[in-house]
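Thanks for coming, everyone. Let me put the model on the screen, and then we'll walk through it.

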Amino acid sequence: MRRRVAQTILVLTVAAAIALGGCSGDKKAAPSTTENKLSGNPVEGGSIKVGISQDLDSLDPHKAVAAGTKEVLFNIYEGLVKPDKSGNLVEAVASSYEISDDARVYTFTLRDGVKFHNGNGVTVEDVKYSIDRCADTSNGDPLVSAYSIIDSVNILDDKTVEIRLKEPNTEFLAYMTTAIIPKDYDALETAPVGTGPFKFVSRSPQENVILEKNEDYWGEKAHLDKVEFKIVADADMLVTNLKGGSIDMAMRLTSGQAAELKSGFHIEEGTMNLVQALYLNNAVKPLDDEKVRKALSYAINPNEIMDIVSDGKGVRIGTSMYPGLKKYYDDEYASYYEQDYDKAKKLLKEAGYPDGFDLEITVSSADQPHVDTAQVIAEELKNIGVNVKIKPIEWESWLEDVYANHHYQSTVVGVDAANLSARAMLERFTTGNSGNFINFSDAEYDKIFKEAISATDEAKQTELYKQLEEILIDKAANVYIQDLANLVAVSDKYDGYVFYPLYVQDMSTIYMIE
Amino acid sequence: MKFVIRKLSGLIITLLIVSILAFLAFEVIPGDPARSILGTEATESKVQALREEMGLNRPLPQRYGRWVKDFVGGDMGISYSYQTPVREMIGDKIPITLTLTAIAFLFILLFSTPISILCVRYENKFIDKLFTILNQITMSVPPFFIGIIFTVLFGLVFRLFTPGGYVSYEESVSGFFKYLILPGIAIALPKAAMTIKLFRNSLLAEMRQDYVRTAQSRGNNPWRVLVRHVLRNGISPVVTFLGMAIADMIANSIVIEQVFGIPGLGRTLISSISKRDYPVVEAIIVLIAAVILVVNVLVDLLYQKLDRRIEV
């Protein structure tokens, strides 16, 4: 039945695309469609092996930072609320919540019968402990930066916890996805205990992480009995391992890799929920000149990049917001700068660079899509006399040179959101923010941002965030490109894969078919 | 006794130099372990707090001294990225890599000895020429490429094994060895080709010696002369070569492990280097160096056994 609906939607979309095709040549966000020809009945039980490209950086949910780690831990841990596949926050460990009118007090009621994997029930003490742990400032900054506005976490009774904030914040719920862990439990790194649909079984460094079904899960239980995340560090080995059968599923394949998997697999197509751009260091010459940045924006054609790098897959975007955060996303923004070499050259001339200049693009060498994108950009920029030198470096060096020390001119990278809030994408561009690696600084932006985070009216707040996105476009803070396509190969023995508007991998929806 | 002391002190000094170089290498290359752990959520104060916690803010000689002291006491430290003792982390990976190297070494002997003898016995005949050509080809193909061909051919076409489907020795000993055969051959082939070339030439030179002609003219069976006399005298350069090749083979094992998805030291070493996980890298480098040095001492001893004239 679901499939029939999907087919109808597909037919309608195609029809609409043909009808609209005449008026717009833009790449619109196409709904993810798959040629899913699977048939057979879902069965309970069984196991799956999932290939992941890097080992987890930590099993402690509060200390893990790599996106590749969080997507695995999503299956083990839960917060008071958790994101669902449509991008809403739904109650998890809490059964209900209340936000005071002034957006300063968040009150949560615990769900009955939620148990940790060690069999103990979740108590209000555990909740307070988990949040306090992330808000602790004894080591400098709190583990979750946004928790610096927490004034106090109070236990009201044995089912209710309230969180008082120092300042109003309507988006704070998005940060309440922080994992709830047992109070004073200190073996998280070696034997993690959470409340999620899967339990931790074992881990072997650089080899695998094994999870099993949590039979006592409070919500809809997982279908599979066992999930093994197997580390396949070499991208070339991924396809071989899929074909050979040592893994059944892998995420984030390139279109070339996906094309190699002709039989035995279905390819699900979604997006990675990140903003890929040519990020520009707004503090170095000549990129400190708005005209130069605009010239670059006019010279680069995201559609061409997508066509060359990923067979046209991906969604073009125009500002620091990806389509998954629907509320704040507007696809009008994508086409603000249409490729126009004459305009670009004119702007360069006005800025005092009639003959162009030399531009260095630093890029993490392991991220093939970014390296490929940089190469297309280099070709495109030749047309306006800008000489590009691509500098591939290791990810660790990228973190240090580019992200921390800002010793770079420009870089191609994907920036994602830690949670489902506009703030997670836009806060970094405020003056002096530690994540502001492009050194963007705009008084108007800072002012509106302050208003936005303290606004208590949701519509007003959304409007303010959109204004911020427009400032980023108008000032050409970066040359925005796309939200990369996420191609997931799933063996035909399984079905039920679900995309989230966040970087997570929900294994509980996947089931085996006969 | 004097010999043992001399060799042992040489070994310790070499290991010290290796460990200092490894320590210094990390000082020189960019990248910071604390920042690597914190990723994009790193703020200056978080990085500093973590560096302090990890003891990275202490001066280099102090850190090195402490490391040596712990290492000698059997404590290899705690991995930065896994928060587990390095000894636990690499303890069960060392046997995997060493077994792979040993299997490769066995294959070299298995291939090269009979083929070399055959080539010498039928010098310039068809079989000799055939192997000379095959040798030349095999020698020029790097092990990882042979590994990739094996994976596609035996894994995907003939389905003799599952690429990436490594079996641990705890699970099944025979499965473990079965899985290591192809990687072992991939490492062995180019080295075996070199060994054959060297072995053949060395044996041929020996065959031209007067004593061989004398032995043969006395009516001894040519096979018997070859195996009993010539082989023993002609093997010395091969032993030297194989002793040196061990180091190279361990290096090749590390690469081949990636191709076949074997969770040995290789993958741990590579990922630890990129994460700047010094304690793990130091331990692996020093251990590999120790293995190579010990093998070299053994080769020296063997050398002396083969030719009593040699002083070691």
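Start with the interface. 34 residues of chain A are in contact with 36 residues of chain B. Contact here means that the C-beta atoms of two residues, placed from the backbone, lie within 7 Å. On the side of chain A that touches chain B, the elements giving two or more residues are α4 (235–244) and α10 (395–404) of chain A. Which of them gives the most? That is α10(A), with seven residues. By class, this side of chain A has ten nonpolar, 13 polar and eleven charged residues. For the classes, Ala, Val, Leu, Ile, Met, Phe, Trp, Tyr, Cys and Pro count as nonpolar, Asp, Glu, Lys and Arg as charged, and the others, Gly among them, as polar.

Some ground rules. This is a predicted model, where local features need pLDDT of at least 70 and side-chain atom pairs count only at pLDDT 80 or more, while totals for chains, interfaces and linings use all residues. Residues are numbered from 1 along each chain as its sequence is written, and chains are lettered from A and ligands numbered from 1 in the order in which they are written. Helices (H or I, at least four residues) and strands (E, at least two) are DSSP runs, numbered from the N terminus.

Now chain A overall. The chain has 13 helices and 22 strands. Its C-alpha atoms fill a box of roughly 70 × 55 × 45 Å along the principal axes. A compact globule of 514 residues would have a radius of gyration near 24 Å, and chain A agrees, with 23 Å. That radius is taken over C-alpha atoms, and the globule rule is 2.2 Å times the number of residues to the power 0.38. How much of chain A is buried? Of its 514 residues, 47%. Buried means 20 or more other C-beta atoms within 10 Å of a residue's own; exposed means 12 or fewer; partly exposed is in between; C-beta atoms are placed from the backbone. Take contacts in chain A between residues at least 6 apart in sequence: 69% of them join residues at least 24 apart.

On to the sheets. One open sheet in chain A has seven strands, in the order β9-β10-β11-β2-β12-β20-β13, with mixed pairing. Strands pair if DSSP finds at least two bridges between them. At the edges sit β9 (198–204) and β13 (265–271) of chain A, each pairing on one side only. From one strand to the next, the twist averages 20 degrees. Inside this sheet, β2 (residues 47–52) and β11 (residues 226–231) of chain A run parallel over six bridges. There, I48(A) stands opposite V227(A) in β11(A).

A second open sheet in chain A has six strands, again with mixed pairing: β15-β19-β14-β18-β16-β17. Its edge strands are β15 (315–316) and β17 (387–393) of chain A. Strands β14 (residues 274–280) and β18 (residues 410–416) of chain A pair antiparallel over seven bridges. V275(A) faces V415(A) of β18(A) across that pairing.

Axes are lines fitted to C-alpha atoms, for helices over the stretch in contact, and angles run from 0 to 180 degrees between N-to-C directions.

Two backbone details in chain A. The peptide bond from K285(A) to P286(A) is cis, with omega near -5 degrees. P286(A) sits in the loop between β14 and α6 (290–299) of chain A. Next, D311(A) has a positive phi, near 55 degrees, and is not a glycine. D311(A) is in the loop between α7 (302–310) and β15 of chain A. Is it exposed or partly exposed? D311(A) is partly exposed, because 14 other C-beta atoms lie within 10 Å.

Last, chain B. An unreviewed UniProt entry places "domain: ABC transmembrane type-1" at residues 94–299 of chain B. UniProt positions use the numbering here, feature names are shortened, and annotations may be inferred rather than shown by experiment. In the model, residues 94–299 of chain B are 83% helix and 0% strand. N124(B) also has a positive phi, near 65 degrees. N124(B) counts as exposed, because it has 9 C-beta neighbours inside 10 Å.
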